[in-house]
Amino acid sequence: MVVTADHIEYGPSRRRHGPDEWSGRNEWSCESVTQLRIDKGLHTTFFLTSDGYGNSLSSEQQDKYDRLKQRHKRFQVKSKRAIRLNEALRDVQMIGGNLDLPHHVVVDAGRLVKRAGEARVPGAWTSWEGIAAGAVLLAATNAGVDRPSREVACYGKVSHARLCAAARKIRCHVSIDIPSIRADTVATVLETLDKRAIDSGAYLRLRDVARHLMEIADEEPIGAGTPRLTVAAAAVYAADRLLGSEWLTMQQVADAISVIVETSKDKINRYSSTLRTEYAEQEEATTPSVLPNQERDAV
């Protein structure tokens, strides 16, 4: 079986530079191509401690190359957004190294950062540092080498809540087929709540309606720059109001979820109101109601 006809070496190789192939000394022909630079590593790297032959530079030569490096960087990175992208890619390498992630996972995270930049995901409350950390978290989850989100946040220069929010915003605005970090956030919210506050017979109905509201939140998207668990808490509260049960209060839901990720009552109120409005519009249009028939249940 023929596996490959020609092997392509993507790394740098040594070549002889001279009038013919037998003269001249061996030199590195080029740098390796990498996705962790804004131009895939096609630009020149300046080493200010020695020349191409390993000889030490004088102070005058170091000053000269320092000026050349500065001019080169200005031509290479022409906008503030490109500068921030370059810094985010360096953050990805730093986080991946601290978490001991495989190289291909770090490269995938770099691709996610670039695609997030193209989709204009950074902005408002979502920083480039959060995008870098969120991309690493998503890439590691997708590759099956999961790392705890709090550990990623520790090396990512962002809080745990900002990390979760950035990861969800990437998933909402970038066309990627990566599962969410928490498989069933609605179940997580219900588990953290005091079960004595919810009637056992209505628990399943509350769960089903909240899951339907989470599907709406992901499609629209609603609260894209907010941790998924916060939106799930708002979905549970909205489901409780749609069912007319009113077992839960906003403060009760916010306090329960804040144990995992910081959440305020204001966020629960804002997103639950948006979810109920969107659900009413979809139900009026084409979506069949997922709410139980109250009259039939009474009979």
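This is a short tour of a predicted model, from the whole chain down to one residue.

Some ground rules first. Residues are numbered from 1 along each chain as its sequence is written. In this predicted model, local features need pLDDT of at least 70, side-chain atom pairs count only at pLDDT 80 or more, totals for chains, interfaces and linings use all residues, and side-chain values use heavy atoms, with hydrogens and water left out.

**Select the whole chain.** Of the 299 residues, 39% are buried (under 20% relative accessible area, 1.4 Å probe, protein chains only).

**Colour by pLDDT**, the predictor's confidence in each residue, from 0 to 100. The chain averages 81. Helix α4 (residues 128-143) has the highest confidence, at 93, while helix α12 (residues 294-298) has the lowest, at a mean of 39. Next, pick residues 294-299: pLDDT stays under 50 there, and the model has 3 contacts for them beyond four places in sequence (contact means heavy atoms within 4.5 Å).

**Select residues 228-242.** This is helix α9, with 15 residues, reaching 21 Å from its first C-alpha to its last, close to the 21 Å expected at 1.5 Å a residue (1.5 Å times one less than its number of residues). Because 13 of those 15 residues are buried, α9 is largely enclosed by the rest of the structure. Just after α9, Gly244 takes a positive phi of about 75 degrees.

**Zoom in on Thr230**, found in helix α9. Is Thr230 buried or exposed? At 0% relative accessibility, Thr230 counts as buried. Show its contacts, leaving aside neighbours within four places in sequence: Val261, Glu262, Thr263, Lys267 and Ile268.

Technical notes: Helix = DSSP H or I, 4+ residues; strand = E, 2+ residues; numbered from the N terminus. Buried < 20%, exposed > 50% of the residue type's maximum accessible area, 1.4 Å probe, protein only.
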